[in-house]
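Please look over the sequence and the model shown here before reading on.

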Amino acid sequence: MIENVLTLKQVTYKKKITIKTLISIGIVAMAVTLPMLVHLIAGNTGGMRWLPMYLPILIGGCLLGAKWGSAIAVISPLVSYFITLSTGTPMPSIERLPFMIAELVVFAITCGLFSKNIMKNSLIVIPAVLLAEVLGRSVLMLLVVIFNEFTIFTPELIWEQIKTGLLALGLQAIIVPFIVISLKCLLNKSNQNKNC
């Protein structure tokens, strides 16, 4: 979506990279800070219940596309892990980290594949987010089934975690489209285009 706007404004390649980098840094910062706040307010189980890192990753995929969104999806949990490692309780845990990265990358790629079309028809963001959520959680479960012998996670445990996070996924399926459509409308107004 952002790529479309920058192309319409005839922004140079160097400026495009700078703008997308700054947006990516902001999204990574949100993806690191939001889980910390949720854990602070809702306790240790807050992350499983509210899935706070998912929200910025879904937004990042919609705005920046699959490649940039994937980079954000990999960097965000790694930054969060290394920042919180000094507390003795890293988020996510080292055991969960590779699974979370894989799941977030699926979220970002799925939303990112719809990114250009969202600029043409903003309602496409709704099925994009829903599909990303279903595919991401499915990939998590599949990976746990495949690597069950090498991990502390079991399919039953992950299934319980998936059920625990259903409310958060439902809320994010409303919040992400609202944010993305609102941003699209703001960008269109700045382009003197009256259609959202």
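In which sense, left-handed or right-handed, does α2 pass α4 in their crossing? The model to be examined is a predicted one, in which local features need pLDDT of at least 70 and side-chain atom pairs count only at pLDDT 80 or more, while totals for chains, interfaces and linings use all residues. Residues are numbered from 1 along each chain as its sequence is written, and side-chain values use heavy atoms, with hydrogens and water left out.

The crossing of α2 with α4 is right-handed, a term for the case in which the near helix is turned clockwise from the far one by less than a right angle. Helix α2 covers residues 13-42 and helix α4 residues 54-85, and their axes come within 8 Å and cross at roughly 50°. Helices here are DSSP runs (H or I, at least four residues), numbered from the N terminus, and axes are lines fitted to C-alpha atoms over the stretch in contact, with angles from 0 to 180 degrees between N-to-C directions. The angle between α2 and α4 therefore makes them oblique to each other, since angles under 35 degrees count as roughly parallel, over 145 as roughly antiparallel, 65 to 115 as roughly perpendicular and the rest as oblique. The contact of α2 with α4 has 18 nonpolar, six polar and one charged residues, where Ala, Val, Leu, Ile, Met, Phe, Trp, Tyr, Cys and Pro count as nonpolar, Asp, Glu, Lys and Arg as charged, and the others, Gly among them, as polar.

Within helix α2 lies S24, which is buried at a relative accessible area of 9% (buried means under 20%, exposed over 50%, and partly exposed in between, with a 1.4 Å probe and protein chains only). Leaving aside neighbours within four places in sequence, S24 is in contact (heavy atoms within 4.5 Å) with L64, W68 and I72.

A second pair of helices, α5 and α7, packs at an angle of about 155° with axes 8 Å apart, and the two are therefore roughly antiparallel to each other. Their crossing is right-handed. Among the residues that meet there are F99, V106 and F107 in α5 and V129, L135 and L140 in α7, and the contact of α5 with α7 divides into 14 nonpolar, two polar and three charged residues.

The largest nonpolar core has 40 residues, and I57, C62, V129 and V176 are those with the most contacts inside it; such a core is a set of buried Ala, Val, Leu, Ile, Met, Phe, Trp, Tyr and Cys residues joined through side-chain atoms within 4.5 Å. The elements giving two or more residues to this core are α1 (2-8), α2, α4, α5 (97-113), α6 (115-120), α7 (125-146) and α9 (166-190), and α4 gives the most, with 11 residues. Apart from this core lies another, of seven residues, among them L140, F153, I158 and I162.

Some loop residues complete the picture. In the loop between α1 and α2, Q10 has a positive phi of about 55° although it is not a glycine, and Q10 is exposed at 71% relative accessibility. L51, in the loop between α3 (46-50) and α4, has a positive phi near 45°, but L51 is buried, with a relative accessible area of 5%. P92, in the loop between α4 and α5, is joined to M91 by a cis peptide bond with omega about -10°.
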